[in-house]
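We will go from stop to stop, selecting residues as we go.

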Amino acid sequence: MSADRHPRPAPVSYGRDHSLMLLRNGYRFWDTMRRQTGSETVQTRLLHERVTAIRGASAAQFFYENPDTERSSALPVPLVGPLFGKGAVHLLDGSAHLHRKATFNEVIGPVAVRDVADGVARRWDERAPAWPRHIDVFDEVGSILFESVCEWVGIAPEPEETADRTHDMLAMVDGFGGPNVRQLKARRARRRTETWLQGLVEESRGSGAPAVSPLDVWARHRDESGELLPVHTAAVEVINLIRPLVAVSWLVAGIFEVFDVFPEQREAVLSRSASTMNVAQEVRRTYPFVPFLATRATRDLEWEGATIAQGTLIVLDVWGTNHDPRIWRDPESFDPERFERRPVTPYNLVPQGGGSAVTGHRCPGEDLTLAVLVTLVRRVAELHATVQGPRATLRRMPPKPTLSVRVRH
């Protein structure tokens with residue numbers, strides 16, 4: 001019996017399609033469905049697919065560790081293509097996934113984490129003191145993150161193209177699962193970015209120089225059969241080094257909002273009575289980012305008394321797991337000290353996936369994300385910024401990429 005078993009049985013019918021309701025409800029969709037069905041496990045239809053949605057620590061373990069599931073057919077390219085790219089590691093299974101993932105883990109090691117965080121700190125310290133009193137910090141943060149990760153990857157974009165390249169990276173994230181206009185913008189952004197990076201991959205391959213940068217590593221990467229990756233696929237994986245760090249802009253926006261709403265948290269950071277790591281983890285837990293993830297059952301399965309027919313999509317409610325009251329006491333409150341009482345495990349906090357980053361689908365850049373957030377928590381606190389514009393809502397997935405603030409230097 002799992003630790004977070006719910007006493008009520010799951011519904012037996014997948015029922016009608018709830019795609020429109022998902023768009024209306026956003027991150028709260030699965031919670032709404034749980035209330036309506038009276039069941040912890042939700043079985044419904046999205047885009048005419050049968051879906052079984054689960055949440056919780058043991059659900060995350062089931063989602064990631066069950067050998068009778070596959071990712072490659074669970075993530076429809078029309079929806080995830082603008083985010084991950086065709087042929088990306090996220091869409092692989094089995095040995096092909098492990099082989100490709102090993103390179104990501106080699107590239108994103110402790111030295112990379114240190115170098116990128118140092119680059120972010122350096123650029124922030126150079127620019128933040130000169131910010132005007134009123135500013136959209138989302139764009140500023142995105143630019144800092146983009147330049148820092150490009151420096152590490154081995155790319156030197158021209159200063160005049162930095163803003164456009166940053167916007168394209170953000171557009172790819174903003175279009176994930178969004179309405180048609182956002183999807184269209186994301187597709188255009190991906191085409192431009194892939195064309196740019198394919199040129200750099202070809203240049204690296206043609207140089208004959210040793211592979212010294214992450215760009216070079218992916219340009220020379222060989223698949224299981226020993227064949228070089230297609231130029232397009234290599235470019236896709238370079239994007240998958242850059243885009244996730246630029247996407248941390250959403251979480252940095254969360255730090256600004258937290259300190260505006262809870263000034264006592266800002267003061268605790270400034271007085272060093274709060275752990276910047278705990279604050280970073282709580283921002284990752286509470287600020288809307290990844291809504292849910294999917295895999296597909298390759299045979300009939302069972303979860304908590306519910307039958308999951310072969311071919312059914314199994315959805316892990318990421319937001320719901322990070323706010324599961326069976327794991328996190330008073331989950332709607334912002335409480336960094338909760339991590340002193342309950343340590344993080346591979347399955348109870350899953351804002352960037354769960355399980356193992358080495359052998360599974362957990363994001364290999366999670367340590368990089370945390371290092372950047374820890375680097376910026378105190379720096380954001382020192383700005384004493386006040387949020388001026390609309391705050392993030394739970395209806396839009398992800399929240400709108402803007403954050404207008406008034407800075408008091």
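How do the residues of the lining of the second largest pocket divide into nonpolar, polar and charged? The lining has 11 nonpolar, five polar and five charged residues. Here Ala, Val, Leu, Ile, Met, Phe, Trp, Tyr, Cys and Pro count as nonpolar, Asp, Glu, Lys and Arg as charged, and the others, Gly among them, as polar.

Before you select anything, note that this is a predicted model: local features need pLDDT of at least 70, side-chain atom pairs count only at pLDDT 80 or more, and totals for chains, interfaces and linings use all residues. Residues are numbered from 1 along each chain as its sequence is written, and side-chain values use heavy atoms, with hydrogens and water left out.

**Stop 1: the pocket**

Select E257, V258, T286, Y287 and P288. Of the 21 residues that line the second largest pocket, these lie nearest its centre. A pocket is an open set of points on a 1 Å grid over the protein atoms alone, where a 1.4 Å probe fits, with protein on both sides within 12 Å along at least five of seven lines; lining residues have an atom within 4 Å of a point. The volume is about 400 Å³, counted as the space filled by probe spheres set on the points, which are joined across faces, edges and corners.

Now colour α12 (249-261) and α14 (276-286). Each supplies at least two residues of the lining. α12 gives the most, with four residues. Helices (H or I, at least four residues) and strands (E, at least two) are DSSP runs, numbered from the N terminus.

**Stop 2: salt bridges**

Side chains of opposite charge can pair when their charged atoms come close. A salt bridge is a side-chain nitrogen of Lys or Arg within 4 Å of a carboxyl oxygen of Asp or Glu. The whole structure has 28 salt bridges.

Select R34. Which residue does R34 meet in a salt bridge with closest N and O atoms 3.0 Å apart? That partner is D317. The pair links distant parts of the chain: R34 is in helix α2 and D317 in strand β8 (residues 313-317), 283 residues apart. R34 is buried at 7% relative accessible area, and D317 is buried at 1%. Buried means under 20% relative accessible area, exposed over 50%, partly exposed in between (1.4 Å probe, protein chains only).

D31 is partly exposed, at 26%.

Next, select E237 and R100. Their side chains meet in a salt bridge at 2.5 Å, N to O. E237 lies in helix α11 (residues 231-246) and R100 in helix α5 (residues 94-107), so the pair ties together parts 137 residues apart in sequence. Both residues are buried.

**Stop 3: aromatic pairs**

Rings of Phe, Tyr and Trp (its six-membered ring) pair if their centres lie within 6.5 Å; planes under 30 degrees apart count as stacked, over 60 as edge-to-face and the rest as tilted. The whole structure has 12 aromatic pairs.

Select F104 and W218. Their ring centres are 4.7 Å apart and their planes at 50°, so the pair is tilted. F104 is in helix α5 and W218 in helix α10 (residues 214-219), 114 residues apart. Both are buried.

Finish with F262 and F334. This pair is stacked, with 6.0 Å centre to centre and 15° between the planes. F262 is partly exposed, at 29%, whereas F334 is buried, at 12%.
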